[in-house]
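Notebook, structure look-up. I wanted one residue's surroundings, then the overall dimensions.

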Amino acid sequence: FCKDSLTGVQASGYLNYTGKAMTGAQVAGYVNIALGEVRGVQVAGFANVAKDVKGSQVSGFLNVAKTVSGSQVSFINLADSFEQGVPIGFFSFVKQGYHTFSLGGSELGWAELQFRTGAEKFHNIFAVAINPIPKSSGWAYGYGAGTKILNTKQSDITLDLIAFQVHENEIFTDAYNALYRLSARYEFHPGGKNFAIWGGPSLNLHQYSLERFNGEQFESNLA
């Protein structure tokens, strides 16, 4: 427990606290807290909290910081802005970062809604697709990650990898029915970054179980 600034290593089995700036490393079994700037690394079993980070935050569940120049690696990452680097986790939200909604059609259905959050270089993708066509109706939910490889004023190119669980002809399909999609997404911005027309090719791998859990035969409409 340090009320002032710290230079060196702070390690404990449960909690580390620094009242001002920290230069070096904080390593804790549960939580690290630094109320000032962190120059170095925070490693915790559960959570890291800091004002500004120039280095890395690595934890088992949650990272929180205002400004980051480096990386955040955890299940959930929260930051106000990223000057450099990327957040890597299941869900990352950067207030001044990358978060968009998009609506389009795909091989899964005529309507697919996507939410992207994180940073342009690496972001999380949450997707829902609906296909209400008779005799092949269904829906799917998916999760994946994307990276923007081209970023200009009027056009972007993003590479995406998303895994879907597909539910066909019923509300929930108990059997394993997965679609894995690798796609290149081209975005054209006719009037600025707040609106885009997008499309692109995709490569799909469909895997499914021939047997339902109750023993009935199951044949996918995507096969």
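I listed the contacts of Gln42 (heavy atoms within 4.5 Å). Leaving out residues up to four places away in sequence, Gln42 touches Gln26, Asn32, Ile33, Ala34, Asn48, Val49, Ala50, Ser56, Gln57 and Val58.

I noted that this is a predicted model, where local features need pLDDT of at least 70, side-chain atom pairs count only at pLDDT 80 or more, and totals for chains, interfaces and linings use all residues. Residues are numbered from 1 along each chain as its sequence is written, and side-chain values use heavy atoms, with hydrogens and water left out.

The partner is the side chain of Gln26, at 2.7 Å.

I checked burial next (buried is under 20% relative accessible area, with a 1.4 Å probe and protein chains only). Gln42 is buried, at 0%. Of the 223 residues of the protein, 40% count as buried.

I placed Gln42 in strand β5, residues 38-44. The protein has 18 strands and 0 helices; strands are DSSP runs of E of at least two residues, helices runs of H or I of at least four, numbered from the N terminus.

Last, I took the dimensions. The C-alpha trace spans about 70 × 50 × 20 Å along its principal axes. The radius of gyration, taken over C-alpha atoms, is 22 Å, whereas a compact globule of 223 residues would have one near 17 Å. That globule rule is 2.2 Å times the number of residues to the power 0.38.

Note on methods. Buried < 20%, exposed > 50% of the residue type's maximum accessible area, 1.4 Å probe, protein only. Polar contact = N/O pair within 3.5 Å; in protein donor to acceptor, adjacent residues only side chain to side chain.
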